[in-house]
Amino acid sequence: MSPTYYLLLSALLFSIGAVGVLVRRNAVVVFMCIELMLNAVNLTLVTFARINGTLDGQIMAFFVMVVAAAEVVVGLAIIMSIFKTRRSASVDDANLLKY
Amino acid sequence: MTVLTAVLAQAPAVPADVVGTGEAVTFWVLGPLALAAALAMVLSRSAVHSALWLVLTMLCLGALYMVQQAPFLGFVQIIVYTGAIMMLFLFVLMLVGRDSSDSVVEVLRGQRVAGLLAGVGFAALLVGAVGRSLTDVAPAGLLAQNTTGGGNVANIGRSLFTDYLFPFELTSALLITAAVGGMVLAFSNHERVTRSTQRERVQARIRGERMSPLPGPGVFATANSVATPALLPDGTVARESLSDIIESTTRESLDADVLSVSGGGQSDHEAAYALRAPEAPADESGDPASRPAGEDDSQR
C-alpha cells in the first residue's frame, strides 16, 4: 500500500462533497458539504507533505483550517440573516438579494 | 558549518518512508468509515443527522492525519473542526430550525440527476488520474522533521513564524474581519425602532394631559401589593396608580379592595378586627388542661 490510497480517498470525499453541494437544498447542509470538500483537500495536502518530506503541506493545511473557520462564521451568519428575513433555510428561496 | 554539512550529508541516508501494517489496517478501517459517513451525510434527510455524520468523517480524517505523521494537524482537526466548527453548525441548526427539511420541488428540471452524474464523472476522472499517475510513488516521509528540532509541533511553529510569517499575520486580519462580519450580520437586522429624543418626549409630556408621572400603587398597613390602588388626597382611589394589566386581570378580586379603600363598605381595619375578634375569646376560653403538657411548658 502506498500513500496514493489517501489521495484516492480524498478524491472520493471531494466528489461526495461536490455532489452534496449540487443536490442538497438546505443551506446549512450545503455548507457542511463545502466543509467536507475542504477536509478532503486537507487530506491531500497532508499526504503530499508526507510524500515530499517537507512540512509545508501541513502548514498549508493549517492555513486552510483557519480560512475555513473564518468562512464558517461569516457563512453561517449570512444563512441566519437570510433565515430571519425569509423564514427559510432553503437555497431555492434565496433567489433575490433584497427583500 | 561542519555540523550543517554533516546533517546535509546524512539527509539522503534517511530511509524512505514505508507504509506499515498498522497504518494499512488503520487506513482500511477508517477510510471506508469516513466514506460511508460522508455518503450518509449527503443522503440523510435531517440536517442534524448530517452534521453528526460529518463529525464522524472529520474524526476519521483526524486519525488519518495522525497516522500520516501530522500529529499537530490531527489534534487541530479534532479540536477545531469537530469541537468548534461542527458545534457552531449545530447551534445554527437549532436556531434556524432543525426540521426545515429539503424541499422536493425541483426548480431546475433534472438538476439532481445531472449533479449526480457530474459528481460520478468527476470522481472517476480524479480517481483515474491520481491512480494512474501516482501508483508507485515512494514517499520521502517526515521522519527527520518529526524527530529532530523539537518534533512536529516545534518545526511547524518555527516555519510558521519565519517563512510563513506574513500569511500568518494576514490570517489574524482575516479572523478579525470574520468575527466583526459575523457579529454585524447576525445582529444588524433587528427591527429599527425609532427612538424618540429627550426633547420630543418632553414636548409630548407637556402637551399631553398629564405632566407629572403616574402615581405608584398604594402602600398601607394592611397591604403593600402592587394591586393596591393609591389614594388621592380626598380619599378617593387614583385609578392611574394601577397598571392596565393588573386592572384587567384582577378586576374582580380588586373590586372589594377598591370599595373598602374608597370609603364604602367595610374598611380593611374593620375587616382585620372582625377576623381577630372570634379568635381572641377562643384563645382565652381554651382549656389549659386540654393542651399537651410539654408544649405548654415550652411556651412559657
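In what order do the elements of chain A run from the N terminus on? They run α-α-α, and the legends below begin with that chain. This is a predicted model, in which local features need pLDDT of at least 70 and side-chain atom pairs count only at pLDDT 80 or more, while totals for chains, interfaces and linings use all residues. Residues are numbered from 1 along each chain as its sequence is written, and chains are lettered from A and ligands numbered from 1 in the order in which they are written.

View 1. Chain A has 3 helices and 0 strands, where helices (H or I, at least four residues) and strands (E, at least two) are DSSP runs numbered from the N terminus. Buried residues make up 63% of the 99 residues in this chain; a residue is buried if 20 or more other C-beta atoms lie within 10 Å of its own, exposed if 12 or fewer, and partly exposed in between, with C-beta atoms placed from the backbone. Helix H2 of chain A covers residues 27–52, and its 26 residues should span 38 Å at 1.5 Å a residue, which agrees with the 38 Å between its end C-alpha atoms; the expected span is 1.5 Å times one less than the number of residues. H2(A) is mostly covered, with 22 of its 26 residues buried, and it is followed by Gly53(A), whose phi is positive, near 75°.

**View 2. The contact between chain B and chain A.** The contact takes 74 residues from chain B and 64 residues from chain A, two residues being in contact if their C-beta atoms, placed from the backbone, lie within 7 Å. Six helices of chain B are drawn into this view as elements that give two or more residues to the side touching chain A, namely H2 (21–43), H3 (47–67), H4 (71–96), H5 (111–133), H7 (151–161) and H8 (165–187). H5(B) gives the most to that side, with 11 residues. By class, the side of chain B that touches chain A has 50 nonpolar, 20 polar and 4 charged residues; here Ala, Val, Leu, Ile, Met, Phe, Trp, Tyr, Cys and Pro count as nonpolar, Asp, Glu, Lys and Arg as charged, and the others, Gly among them, as polar.

**View 3. Helix H1 of chain A beside helix H5 of chain B.** H1(A), residues 4–23, and H5(B) pack at an angle of about 165°, with their axes 9 Å apart; axes are lines fitted to C-alpha atoms, for helices over the stretch in contact, and angles run from 0 to 180 degrees between N-to-C directions. The two helices are therefore roughly antiparallel to each other, a term for angles over 145 degrees, whereas those under 35 count as roughly parallel, 65 to 115 as roughly perpendicular and the rest as oblique. Among the residues that make the contact are Leu8(A), Ser15(A) and Val19(A) of H1(A), and Arg112(B), Phe122(B) and Leu126(B) of H5(B). The residues of this contact divide into 15 nonpolar, 5 polar and 1 charged.

**View 4. Helix H2 of chain A beside helix H4 of chain B.** The axes of H2(A) and H4(B) come within 11 Å and cross at roughly 175°, which makes H2(A) roughly antiparallel to H4(B). The contact is made by Val28(A), Met32(A), Glu35(A) and Val46(A) of H2(A), together with Leu73(B), Ile85(B), Phe89(B), Val92(B), Leu93(B) and Val96(B) of H4(B). These residues divide into 9 nonpolar, no polar and 1 charged.

View 5. Chain B has 14 helices and 2 strands, and buried residues make up 19% of its 300 residues. In H8(B), Ala178(B), Gly182(B) and Leu185(B) are buried, and the buried residues of this helix pack against helix H3 (56–86) of chain A. Gln69(B) lies in the loop between H3 and H4 of chain B and has a positive phi of about 60° although it is not a glycine; with 23 C-beta neighbours inside 10 Å, Gln69(B) counts as buried. Ala154(B), by contrast, has its place in helix H7 of chain B and is partly exposed, with 14 other C-beta atoms within 10 Å.
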